[in-house]
Amino acid sequence: VLWLNPCLPDEIPRLEFTLRFRGAWGVRLVVTRDRIAVTAPADSAVRIGYDGEVREVPAGTSAELRIT
């Protein structure tokens, strides 16, 4: 599980990057002050965790989580 707990400083309103997680290259994250968007690569699902809950993002799809 890729656990997320973002807290952006005031100077950075948005953070966007691609990473490799457990052999899956191309996991895309977009973090803003009120949401996290995760896109799984076409060939691999990704399990993400936030605020005590785990969610699976199927291969080639995206999911958004509201930051509380």
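A: Start with exposure: a residue is buried under 20% relative accessible area, exposed over 50%, and partly exposed in between (1.4 Å probe, protein chains only). Glu16 is partly exposed, with a relative accessible area of 38%.

Two notes on the source come next. This is a predicted model, in which local features need pLDDT of at least 70 and side-chain atom pairs count only at pLDDT 80 or more, while totals for chains, interfaces and linings use all residues. Residues are numbered from 1 along each chain as its sequence is written, and side-chain values use heavy atoms, with hydrogens and water left out.

The part to look at is an open sheet of four strands, in the order 2-3-4-7, with antiparallel pairing. The edges belong to strand 2 and strand 7; each has a single partner strand, so one side of each lacks a neighbour in the sheet. From one strand to the next, the twist averages 20°. Strands are DSSP runs of E, at least two residues long, numbered from the N terminus. Two strands pair if DSSP finds at least two bridges between them.

Strand 3 covers residues 24-32 and strand 4 covers residues 35-39; four bridges pair them in the antiparallel sense. Two residues make the hairpin that joins strand 3 to strand 4. Across this pairing, Val30 stands opposite Ala37, and Arg28 stands opposite Thr39.

Thr32 also belongs to strand 3. Thr32 has a relative accessible area of 12%, so this residue is buried. The Thr32 side chain makes a polar contact with the side chain of Asp34, at 3.0 Å. A polar contact is a pair of N or O atoms within 3.5 Å; within protein, one must be able to donate a hydrogen and the other to accept it, and residues adjacent in sequence count only if both atoms are side-chain atoms. Leaving out residues up to four places away in sequence, Thr32 touches Leu8, Pro13, Arg14 and Ile67. Touching, or contact, means heavy atoms within 4.5 Å.

Step on to the other side of strand 4. Five bridges join strand 4 to strand 7 (residues 62-66), and the two run antiparallel. Thr39 stands opposite Ser62. Arg35 has Arg66 as its bridge partner in strand 7.

Next, look at the charged side chains. A salt bridge puts a side-chain nitrogen of Lys or Arg within 4 Å of a carboxyl oxygen of Asp or Glu. The whole structure has four of them. One joins Arg14 and Glu16, at 2.8 Å from N to O. Another joins Arg28 to Glu16, with the closest N and O atoms 2.6 Å apart. This pair links distant parts of the chain, for Arg28 is in strand 3 and Glu16 in strand 2, twelve residues apart. Arg28 is partly exposed, at 29% relative accessibility. A further salt bridge joins Arg35 and Glu64, at 3.3 Å from N to O. Arg35 sits in strand 4 and Glu64 in strand 7, so the pair ties together parts 29 residues apart in sequence. Arg35 is partly exposed too, with a relative accessible area of 22%. Through shared partners, Arg14, Glu16 and Arg28 form one network of salt bridges.

Finally, turn to the nonpolar residues. A nonpolar core is a set of buried Ala, Val, Leu, Ile, Met, Phe, Trp, Tyr and Cys residues joined through side-chain atoms within 4.5 Å. The largest core here has 19 residues, and Val27, Ile36, Val38 and Ile48 touch the most other members. Two or more residues each come from strand 1 (2-4), strand 2 (14-21), strand 3, strand 4, strand 5 (46-50) and strand 7. Strand 3 gives the largest share, four residues.

Technical notes
Axes are lines fitted to C-alpha atoms, for helices over the stretch in contact, and angles run from 0 to 180 degrees between N-to-C directions.
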